[in-house]
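Keep the structure open beside you as you read.

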Amino acid sequence: MPELPEVEVTRRGFVDRIAGARIEAVRVGKPLRWALGVDPQTLVGRTVRTVRRRGKYLLVELDEGLLLMHLGMSGSLRFDAVLPAAGSHDHFDLLTSQGTLRLNDPRRFGAVVHVTDEGAPLAVKLLGGLGMEPLDDGFDFDAFHAGLRRRKTAIKQVLLAGDVVVGVGNIYASEALFLAGIRPTVAASRIGRPRALRLHAAVREILARAVEKGGSTLRDFSNIDGQRGYFQLEATVYGRAGEPCRVCATPIRQMRQGQRSTYFCPNCQKY
DNA sequence: AATCTTACCTGTAGGC
DNA sequence: TGCCTACAGGTAAGAT
């Protein structure tokens with residue numbers, strides 16, 4: 001569910017409030033995608049230094065070790081001085097001197113994993129293959145274009161794969177391709193420099209705009225304070241099958257690519 | 001190596 | 001408090 005903007009907005013919502021906090025207790029609920037990897041008790045007494053983001057992962061840096069958190073398809077985080085009693089989908093609570101960080105995740109595709117450092121085998125397995133950060137200065141165009149060139153798969157699926165550029169999920173992949181005027185089915189390797197330049201800029205713009213707006217139109221996403229219906233950005237094509245294109249009024253088309261829905265305008269995205 | 005498919009799990013919407 | 005199917009923001013693991 002959460003793509004890069006939702007994860008980043010979540011991070012910004014609690015990083016300053018949790019920094020410096022001492023972990024007082026840990027509560028785990030049902031199993032998530034992976035086990036925590038340590039006895040929860042061993043986290044007690046640790047201090048939270050800061051929270052960083054890599055792709056769709058949040059890295060909660062402790063004075064010793066770090067927690068990798070992923071929200072999967074349906075996860076959301078809350079942070080508050082006091083939270084209500086844990087519900088059936090609350091699967092991880094980090095109780096600290098400054099408040100409780102809670103992961104709610106109905107589908108449990110998310111995860112909280114402890115590693116000693118980013119070089120640990122599990123951290124490398126999860127983070128090692130990730131592509132460039134689209135909102136960083138390091139999002140180099142030539143590296144981006146070179147990444148596309150070596151993939152014969154449809155461009156939509158290359159964006160989703162996350163090994164060239166991270167953070168673009170199913171919604172923003174359709175949105176970015178619309179903004180760049182590129183047909184989602186085009187082989188990535190066949191995208192020339194002019195179109196690659198447009199796509200590079202479109203990915204940045206779509207994600208940056210969503211972060212500014214506080215995320216996308218996710219129907220059941222809650223922000224760090226537990227409020228729903230918080231995200232404002234209107235989708236241009238995603239979820240709008242049959243509705244008129246906002247640019248040319250041609251009906252938006254929906255298709256399946258690798259078991260995922262793709263939306264595009266057949267007139268604005270001809271190639 | 002690249003690519004495609006499967007699997008994980010729960011909730012919801014729509015058709016019957 | 002109906003039942004069945006399809007689909008939903010992600011991504012690792014297995015198969016080809």
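This is a predicted model: local features need pLDDT of at least 70, side-chain atom pairs count only at pLDDT 80 or more; totals for chains, interfaces and linings use all residues.

**From the annotated span to the helices**

UniProt, in an unreviewed entry, lists residues 236-270 as "domain: FPG-type".

Now turn to the cysteines. How many disulfides does a search of the whole structure find? The search finds zero. Cys 248 is in no disulfide, and the nearest cysteine sulfur, that of Cys 265, is 3.6 Å away; a disulfide would need the two sulfur atoms within 2.5 Å. For Cys 268, the closest cysteine sulfur is in Cys 265, at 3.7 Å, which is too far for a bond. Cys 248 is partly exposed, with a relative accessible area of 26%, and Cys 268 also counts as partly exposed, at 25% relative accessibility.

Next, have a look at helix α5, which spans residues 170-180. Among the buried residues are Asn 170, Tyr 172, Glu 175 and Phe 178. The cover over the buried residues of α5 includes α1 (4-18), α4 (155-161), α6 and β10 (260-264). After α5 comes Gly 181, with a positive phi near 70°.

Two packed helices are described by the angle between their axes and the distance between the axes. Helix α5 packs against helix α6 (residues 193-213) at an angle of about 130°, with the axes 8 Å apart. That angle makes α5 oblique to α6. The contact involves residues of α5 including Tyr 172, Ala 176 and Leu 179, and residues of α6 including Leu 199, Val 203 and Ile 206. The crossing of α5 and α6 is right-handed.

Helix α6 also packs with helix α3 (residues 141-149), here at an angle of about 115° and with the axes 10 Å apart. The two helices, α3 and α6, are therefore roughly perpendicular to each other. Their crossing is right-handed. On the α3 side, the residues that meet α6 include Phe 141, Phe 144 and Leu 148, while on the α6 side they include Arg 193, Leu 197 and Leu 199.

Note on methods. Residues are numbered from 1 along each chain as its sequence is written. Chains are lettered from A and ligands numbered from 1 in the order in which they are written. Side-chain values use heavy atoms; hydrogens and water are left out. UniProt positions are given in the numbering used here, feature names are shortened, and annotations may be inferred rather than shown by experiment. Buried means under 20% relative accessible area, exposed over 50%, partly exposed in between (1.4 Å probe, protein chains only). Axes are lines fitted to C-alpha atoms, for helices over the stretch in contact, and angles run from 0 to 180 degrees between N-to-C directions. Helices (H or I, at least four residues) and strands (E, at least two) are DSSP runs, numbered from the N terminus. Angles under 35 degrees count as roughly parallel, over 145 as roughly antiparallel, 65 to 115 as roughly perpendicular and the rest as oblique. A crossing is left-handed if the near helix is turned anticlockwise from the far one by less than a right angle, and right-handed if clockwise. Contact means heavy atoms within 4.5 Å.
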